[in-house]
Amino acid sequence: MARKGAGLKRVCRFLLLVISFLPCEMTSSVLTVNGKTENFILNTRIGAEESLKCDVQNRTGDEGLLWYREQGSVDLKAGNKINSSSVCVSSISENDNGVTFTCKLQRDQSVSVSVVLNVTFPPLLSGKDFQTIEEGSSVTLVCNVKSNPQAQMMWYKNGSILILEKNHHQVQQTSESLQLSITKVKKSDNGTYSCVARSSLQIKTKDFHLSVKDRAATVPIEPIIAATVVVFLTVCFGLIARRERIMKLCIKDETPQRDTAL
């Protein structure tokens, strides 16, 4: 029993020694944003205004706070930095979707709480309205889309679902666009193509007008070059032959005539 008592005393002394060397700051300061101690997603909408309030809990003294929007710091007024700090996000747009705001403890920035904005909005469509293409060429219609939640996309032609032809149409979709590529364009491809986006909030449509013009008459370059060469050579040979004939006549004229006695 005496040995057990002595061992227990040694353990207690060791623990007291360890505690005495621990920094006081380890026993303090927890951050909350809008009452939450963990990172969270804040659901909002276009045009709304959101207030984010960061507070220091369990503090033993005044604590400085920092706010960040993504990687950039947020300017705070002097009275909005100590123990409690608020930022206001106004006129929220689709560009704020996915943006992260983070509150950090100034003396120890590893202590932080982050908020990610989840901005819901109906599909927003954009792209080149009119395109004119020559028959036999290739063209791509690009329908740019922004939507949260993500929209289902589809192509229509002249009011009806576009029937895709193998080796003629190709559709490619990403989270940001719906593309329609048409190879070897035909006269029948002329018309209005509609990009239709369906989300749980709204259905949006954007029209793309494709005009197919006649193929320009091509000038046969190679036959023209060949004909030009033939004409040139013919003229050259003609000049050479004529020159030899002229030279013969000139030589004949220069021969002296002999007098004949009667």
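## Bridges across the chain

Let's begin with a charged pair: K186 and E165 form a salt bridge, with their closest N and O atoms 3.3 Å apart. K186 sits in the loop between β14 (177–182) and β15, and E165 in the loop between β12 and β13, so the pair ties together parts that are 21 residues apart in sequence. Here a salt bridge is a side-chain nitrogen of Lys or Arg within 4 Å of a carboxyl oxygen of Asp or Glu, while helices (H or I, at least four residues) and strands (E, at least two) are DSSP runs, numbered from the N terminus. K186 is partly exposed at 34% relative accessible area, and E165 is partly exposed at 37%. For these labels, buried means under 20% relative accessible area, exposed over 50%, and partly exposed in between (1.4 Å probe, protein chains only).

A word on the model itself: it is predicted, local features need pLDDT of at least 70, side-chain atom pairs count only at pLDDT 80 or more, and totals for chains, interfaces and linings use all residues. Residues are numbered from 1 along each chain as its sequence is written, and side-chain values use heavy atoms, leaving out hydrogens and water.

Stepping back, the protein chain has two helices and 16 strands. Of its 262 residues, 28% count as buried. Among contacts (heavy atoms within 4.5 Å) with a separation of 6 or more, 63% come from residues 24 or more positions apart.

L164 is partly exposed, at 47% relative accessible area. Not counting residues up to four places away in sequence, L164 touches H169 and V171. Its C-alpha atom is separated by 9.8 Å from that of I182, 18 residues along the chain.

Side chains of opposite charge can pair when their charged atoms come close. The structure holds six salt bridges, and one of them joins D96 and R69 (2.9 Å, N to O). D96 lies in the loop between β6 (84–89) and β7, and R69 in strand β4 (residues 65–69), so this pair ties together parts 27 residues apart in sequence. D96 is buried, with a relative accessible area of 9%, whereas R69 is partly exposed at 35%. In another salt bridge, D62 meets R59 (3.7 Å, N to O); D62 is exposed at 62% and R59 partly exposed at 41%.

R59 also turns up among the contacts of S29, together with others including V56, E63 and V111. S29 lies in the loop between α1 (2–21) and β1 (30–33) and is buried at 7% relative accessibility. The side chain of S29 makes a polar contact with that of E63 (2.7 Å); such a contact is a pair of N or O atoms within 3.5 Å, where within protein one must be able to donate a hydrogen and the other to accept it, and residues adjacent in sequence count only if both atoms are side-chain atoms.

Now for the covalent links: how many disulfides does a search of the whole structure find? There are two, a disulfide being a pair of cysteine sulfur atoms within 2.5 Å. C54 is joined to C103 (S to S 2.0 Å), linking strand β3 (residues 50–57) with strand β7 (residues 100–105), 49 residues apart. C143 pairs with C195, their sulfur atoms 2.2 Å apart. C143 is in strand β10 (residues 139–148) and C195 in strand β15 (residues 191–198). Both C54 and C103 are buried, as are both C143 and C195.
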